[in-house]
There are 4 protein chains.
Amino acid sequence: MGGGRPRDTGVEERVVAVAREMLREGGYARFAVDQVADRAGVAKTTVYRRWPSRDHLVVAAVATFLDDVAIEETGDLRADLVRIAAAIAAGLGQPGIRLLVSELIAAGARQPDLAASVYQLWARRRAASLDLFAAAVGQGEQADDVDPGLILDQIIGAVYYRALITGDPVDDDYLKRLVSAALAGAGVSSGGLA
Amino acid sequence: MGGGRPRDTGVEERVVAVAREMLREGGYARFAVDQVADRAGVAKTTVYRRWPSRDHLVVAAVATFLDDVAIEETGDLRADLVRIAAAIAAGLGQPGIRLLVSELIAAGARQPDLAASVYQLWARRRAASLDLFAAAVGQGEQADDVDPGLILDQIIGAVYYRALITGDPVDDDYLKRLVSAALAGAGVSSGGLA
Amino acid sequence: MGGGRPRDTGVEERVVAVAREMLREGGYARFAVDQVADRAGVAKTTVYRRWPSRDHLVVAAVATFLDDVAIEETGDLRADLVRIAAAIAAGLGQPGIRLLVSELIAAGARQPDLAASVYQLWARRRAASLDLFAAAVGQGEQADDVDPGLILDQIIGAVYYRALITGDPVDDDYLKRLVSAALAGAGVSSGGLA
Amino acid sequence: MGGGRPRDTGVEERVVAVAREMLREGGYARFAVDQVADRAGVAKTTVYRRWPSRDHLVVAAVATFLDDVAIEETGDLRADLVRIAAAIAAGLGQPGIRLLVSELIAAGARQPDLAASVYQLWARRRAASLDLFAAAVGQGEQADDVDPGLILDQIIGAVYYRALITGDPVDDDYLKRLVSAALAGAGVSSGGLA
DNA sequence: AGCTAACCGAGACGGTACGTCGAGTCTTTCC
DNA sequence: GGAAAGACTCGACGTACCGTCTCGGTTAGCT
């Protein structure tokens with residue numbers, strides 16, 4: 001039961017880095033495992049040893065560049081929500097990102113074992129957003145019995161819906177009305193904005 | 001300046017019919033233009049003359065089977081909205097449909113000239129939903145200054161969001177709370193449901 | 001049984017002219033009936049009404065530009081033969097012509113009804129060459145009982161053979177030796193050359 | 001620097017064998033790479049990895065069945081030459097072979113990198129023919145200073161020329177006269193035949 | 001020190017579908 | 001009935017990726 005040669009840990013990083021790069025350049029469509037391996041100076045076999053399919057690799061790569069986006073809270077719940085929604089809308093405004101997001105969703109739908117990983121991608125950001133509400137409670141800006149998740153769904157959901165599915169524009173005015181309506185629906189006292 | 005041989009209008013129908021069938025059978029992944037043409041008794045070139053790519057054909061095929069879904073209005077706005085949302089949720093609950101929807105979105109994101117057609121797919125259903133609000137106004141159930149589109153975005157958007165992106169469950173209880181919150185946020189009098 | 005619309009006699013010329021042009025530009029491979037018709041401002045149907053296949057059209061087109069080559073006789077049989085052989089060799093030296101010639105041969109082999117027309121293409125030039133011998137007889141330069149056809153076969157045949165089949169070079173020195181041998185074999189008095 | 005998976009040498013053989021078979025059955029026109037791959041139980045991509053185009057494969061296949069033809073030398077140069085020429089003429093008399101030969105020539109003219117291979121096809125047979133002369137020298141049947149290549153060109157060239165280009169018949173009588181003329185032209189003593 | 005096991009690069013392989021090209025036929029309208 | 005226009009069938013082409021496999025060679029840990 002000897003050990004065998006240990007994995008070269010540098011491989012993961014190099015491959016994912018290249019994968020990320022290629023996603024940025026050509027999007028999902030022109031993302032070919034062959035080329036990733038090539039550019040990373042790695043054999044295709046080695047790639048497949050770690051990520052069982054192209055989709056798995058893509059998800060892994062995307063996971064690393066969602067980390068960057070930071071969410072700053074200013075204490076003003078309404079404003080923070082608008083800002084977050086705007087950031088998402090801005091992202092989805094870029095064709096490349098829009099494509100990537102939809103391909104990720106599709107990947108999750110194609111391969112059940114990927115679904116969880118894909119959901120996880122957005123979970124982190126969602127968790128960060130939910131923190132805003134906790135903070136707001138502390139400041140008495142918000143009643144205790146509201147359902148932050150529901151509010152977020154209404155806001156973020158609407159943004160994705162318009163950007164990906166209906167194709168309707170998502171401008172600042174819309175976002176303000178959206179956030180206001182969602183907060184009002186939950187009975188949150190209309191802070192400073194009205 | 002004679003016209004030339006007129007297009008065989010039967011081709012459109014036959015091909016789309018076959019395409020629809022194949023989508024039902026094998027989903028997006030196993031949808032091959034070659035086979036569609038074959039089964040429809042048509043040359044592949046003839047298919048490509050009308051639909052410049054596989055994606056175009058898929059979109060066209062899907063367009064025809066969204067027509068089936070009828071929306072019945074009972075007069076009770078809240079209940080109707082819940083029902084619609086539930087229908088959507090139920091659809092997205094099926095892996096095949098979930099995949100198809102996400103592939104369609106991706107197709108729209110890939111090829112700009114397809115985007116409009118894809119948006120159009122959902123537009124019809126959205127329009128039908130919006131009619132509910134007009135009807136409700138007539139019955140005095142609803143104030144005149146609310147923005148039905150915004151309310152729909154919050155509801156439908158949330159459903160898509162959970163089903164496709166976060167993977168969270170969309171049960172009846174959730175839907176009721178969702179619809180209530182959205183209506184409340186718009187200042188619609190909370191009809192019978194509390 | 002009225003007459004119907006008479007054929008537009010300009011069509012033949014225009015089409016053949018365009019065909020010739022296209023052969024010069026792109027050779028046999030890129031010669032597409034569709035394009036010929038297009039450029040000639042003629043319907044494809046019209047082309048096919050006159051020439052039953054692509055090959056037929058090509059042969060017809062080539063026939064018109066073999067007319068150009070003139071054969072001048074100086075009275076010196078040996079020199080004339082060398083010059084003719086050299087002209088052929090020069091032509092076959094150009095890849096385009098080499099391809100064209102071989103495609104013509106192939107066309108003849110493919111379609112029996114074309115074979116005659118293709119043979120005819122070279123027949124004219126061969127006839128002209130044979131005249132040289134008749135002239136030489138008049139001048140007493142040549143015996144009466146030789147078979148000019150055989151001599152020509154030996155010379156021209158060798159040139160085609162090397163150019164098309166073996167790929168061996170056909171230079172001036174070779175040609176001189178070739179012609180000398182052929183004439184000697186027929187017992188023709190070795191004129192000035194040796 | 002590792003090798004990678006070694007090529008399955010069986011593939012070459014199987015594919016070429018099938019290709020040869022298909023050439024015999026349907027000639028050049030009905031030779032489809034798709035089918036060759038299929039019948040050989042090989043993926044089309046594997047075929048294209050070795051032979052970059054249909055033409056390349058055809059040439060390779062033909063190369064293997066030119067090997068069969070054996071040339072027997074009886075010691076009588078003149079008779080041997082006649083026999084060889086007759087064999088060639090007989091081959092070219094079959095429409096299928098005539099077509100194949102001309103398509104090969106055309107393939108060579110189309111793709112420069114194929115030219116060499118095509119020339120090579122005939123080179124072997126030519127070499128065998130040239131051996132006859134060497135043998136004849138040993139027997140004193142032939143002078144030492146003649147150019148066997150030139151003689152062969154005149155004979156074989158004439159045969160190809162008539163069969164492929166002028167379409168004139170190539171019968172036994174013609175061949176005898178041809179060989180005699182060629183040998184006489186080179187100053188070879190006219191053995192038994194006059 | 002030797003054995004064994006896992007890793008790695010390289011690259012062949014089967015498979016599936018794509019979109020394209022061109023030939024030749026058919027159908028319509030106009031003259 | 002000729003001609004223009006263009007839709008249609010048919011057949012094959014060469015390409016692109018995917019994911020699997022089979023090599024030779026390396027790099028550990030265990031005995």
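Two residues are in contact when heavy atoms of theirs lie within 4.5 Å. By that rule, 34 residues of chain B are in contact with 34 residues of chain A. The model is a predicted one.

**Chain B and chain A: area**
- Chain B and chain A bury about 3300 Å² between them, and carbon and sulfur atoms give 64% of that area.

**Chain B and chain A: salt bridges and polar contacts**
- Six salt bridges are found across the interface of chain B and chain A.
- D147(A) and R177(B) form a salt bridge through their side chains, with an N to O distance of 2.7 Å.
- Eight residue pairs across this interface of chain B and chain A are in polar contact, with both residues at pLDDT 80 or more.

**Chain B and chain A: make-up of the chain B side**
- Four helices of chain B each give two or more residues to the side that touches chain A: α6 (95-110), α7 (112-138), α8 (148-166) and α9 (172-185).
- The largest share of that side comes from α8(B), with 13 residues.
- Sorted by class, the side of chain B that touches chain A holds 19 nonpolar, six polar and nine charged residues.

**Chain C and chain D: contact and area**
- In this interface, 34 residues of chain C are in contact with 34 residues of chain D.
- The area buried between chain C and chain D is about 3300 Å², 64% of it on carbon and sulfur atoms.
- Of the area that chain C buries against chain D, 20% is supplied by Y119(C), Y161(C) and I165(C), more than by any other three residues.

**Chain C and chain D: salt bridges and polar contacts**
- There are six salt bridges between chain C and chain D.
- D153(C) and R162(D) meet through their side chains in a salt bridge of 2.5 Å, N to O.
- Ten residue pairs are in polar contact across the interface of chain C and chain D, both residues being at pLDDT 80 or more.

**Chain C and chain D: make-up of the chain C side**
- On chain C, the helices α6 (95-110), α7 (112-138), α8 (148-166) and α9 (172-185) each supply at least two residues of the side that touches chain D.
- α8(C) gives the most to that side, with 13 residues.
- The side of chain C that touches chain D consists of 19 nonpolar, six polar and nine charged residues.

Conventions. Residues are numbered from 1 along each chain as its sequence is written. Chains are lettered from A and ligands numbered from 1 in the order in which they are written. This is a predicted model: local features need pLDDT of at least 70, side-chain atom pairs count only at pLDDT 80 or more; totals for chains, interfaces and linings use all residues. Side-chain values use heavy atoms; hydrogens and water are left out. Buried area is the accessible area (1.4 Å probe) that two parts lose on being put together, summed over both. A salt bridge is a side-chain nitrogen of Lys or Arg within 4 Å of a carboxyl oxygen of Asp or Glu. A polar contact is a pair of N or O atoms within 3.5 Å; within protein, one must be able to donate a hydrogen and the other to accept it, and residues adjacent in sequence count only if both atoms are side-chain atoms. Ala, Val, Leu, Ile, Met, Phe, Trp, Tyr, Cys and Pro count as nonpolar, Asp, Glu, Lys and Arg as charged, and the others, Gly among them, as polar.
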